[in-house]
Amino acid sequence: MRVVSRLSLVLAVALSVGGCDLLGVDIGEAIPAEEQRHPDVLAVELRPTGERTYDVVVTVSSPYDTPERYADGWRVLDPDGAVLGTHTLMHDHASEQPFTRTQRGLTIPAGVTSVTVEGRDRLHGFGGATITADVPG
């Protein structure tokens with residue numbers, strides 16, 4: 001699994017200054033927080049809770065978190081892009097960045113071996129860095 005988030009890019013920039021190329025990606029210019037349109041998903045863990053049922057633990061970063069605009073949730077997608085579930089956050093997390101929350105009881109159909117989690121911004125909708133995670137056997 002190869003995931004490139006803004007956090008990964010920051011690490012890559014820091015290492016490239018020292019002569020290392022950790023990710024092998026073109027880093028480009030950083031996006032200022034006031035211009036960032038979507039939250040970034042930084043980590044995903046699937047915890048089995050029953051037959052094809054999982055708790056989805058998601059870490060999100062949204063540097064623009066205010067009561068007017070914040071990361072207000074995420075969705076879980078199968079490899080074909082079908083939505084398996086959504087999670088809604090009811091308030092900003094300005095004093096807790098990045099933050100981790102859990103979506104409980106997500107059913108993942110048989111045959112789906114990985115899922116992608118995509119964040120949602122209250123103003124701009126879905127987008128930003130995603131994470132694809134393998135579904136535990």
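Let me begin with the basis of the values. The model is predicted: local features need pLDDT of at least 70, side-chain atom pairs count only at pLDDT 80 or more, and totals for chains, interfaces and linings use all residues. Residues are numbered from 1 along each chain as its sequence is written, and side-chain values use heavy atoms, with hydrogens and water left out.

I turn to confidence. The pLDDT is the predictor's confidence in each residue, from 0 to 100. Its mean over the chain is 78, and 74% of the residues reach 70 or more. Confidence is highest in strand β8 (residues 131-134), at 98, and lowest in helix α1 (residues 6-17), at a mean of 37. Over residues 1-30 the pLDDT is below 50, and this stretch has 30 contacts in the model beyond near neighbours in sequence. A contact here means heavy atoms within 4.5 Å.

Next, the overall architecture. The chain has one helix and eight strands, and along the sequence the pattern reads α-β-β-β-β-β-β-β-β. Helices (H or I, at least four residues) and strands (E, at least two) are DSSP runs, numbered from the N terminus. Of the contacts in the chain with a separation of 6 or more, 59% are between residues 24 or more positions apart. Buried residues make up 37% of the 137 residues. Buried means under 20% relative accessible area, exposed means over 50%, and partly exposed lies in between, with a 1.4 Å probe and protein chains only.

Two strands pair if DSSP finds at least two bridges between them. Strands β2 and β5 pair in the antiparallel sense over seven bridges. Tyr-54 stands opposite Leu-106 in β5.

I now come to the interior. In soluble globular proteins, nonpolar side chains tend to be buried together. A nonpolar core is a set of buried Ala, Val, Leu, Ile, Met, Phe, Trp, Tyr and Cys residues joined through side-chain atoms within 4.5 Å. The largest such core has 20 residues, of which Val-56, Ile-108 and Val-117 touch the most other members. Strands β1 (40-50), β2, β3, β5, β6 and β8 each supply at least two residues. The largest share, four residues, comes from β2.

Ala-129 lies in the loop between β7 (125-126) and β8, and counts as buried at 12% relative accessibility. Ala-129 and His-38 are 91 residues apart in sequence and 8.2 Å apart in space, C-alpha to C-alpha.

Finally, the charged pairs. Side chains of opposite charge can pair when their charged atoms come close. A salt bridge is a side-chain nitrogen of Lys or Arg within 4 Å of a carboxyl oxygen of Asp or Glu. How many salt bridges does the structure hold? There are four, and I shall describe some of them.

Arg-104 forms a salt bridge with Asp-55, with the closest N and O atoms 3.0 Å apart. This pair links distant parts of the chain, from strand β5 (residues 99-107) to strand β2 (residues 53-61), 49 residues apart.

Arg-120 forms a salt bridge with Asp-72, and here the closest N and O atoms are 2.8 Å apart. This pair also links distant parts of the chain: Arg-120 is in strand β6 (residues 114-121) and Asp-72 in strand β3 (residues 71-77), 48 residues apart. Arg-120 is partly exposed at 28% relative accessibility, and Asp-72 is buried at 13%.

Arg-47 forms a salt bridge with Glu-45, at 3.2 Å between the closest N and O atoms. Arg-47 is partly exposed at 40% relative accessibility, and Glu-45 is partly exposed at 39%.
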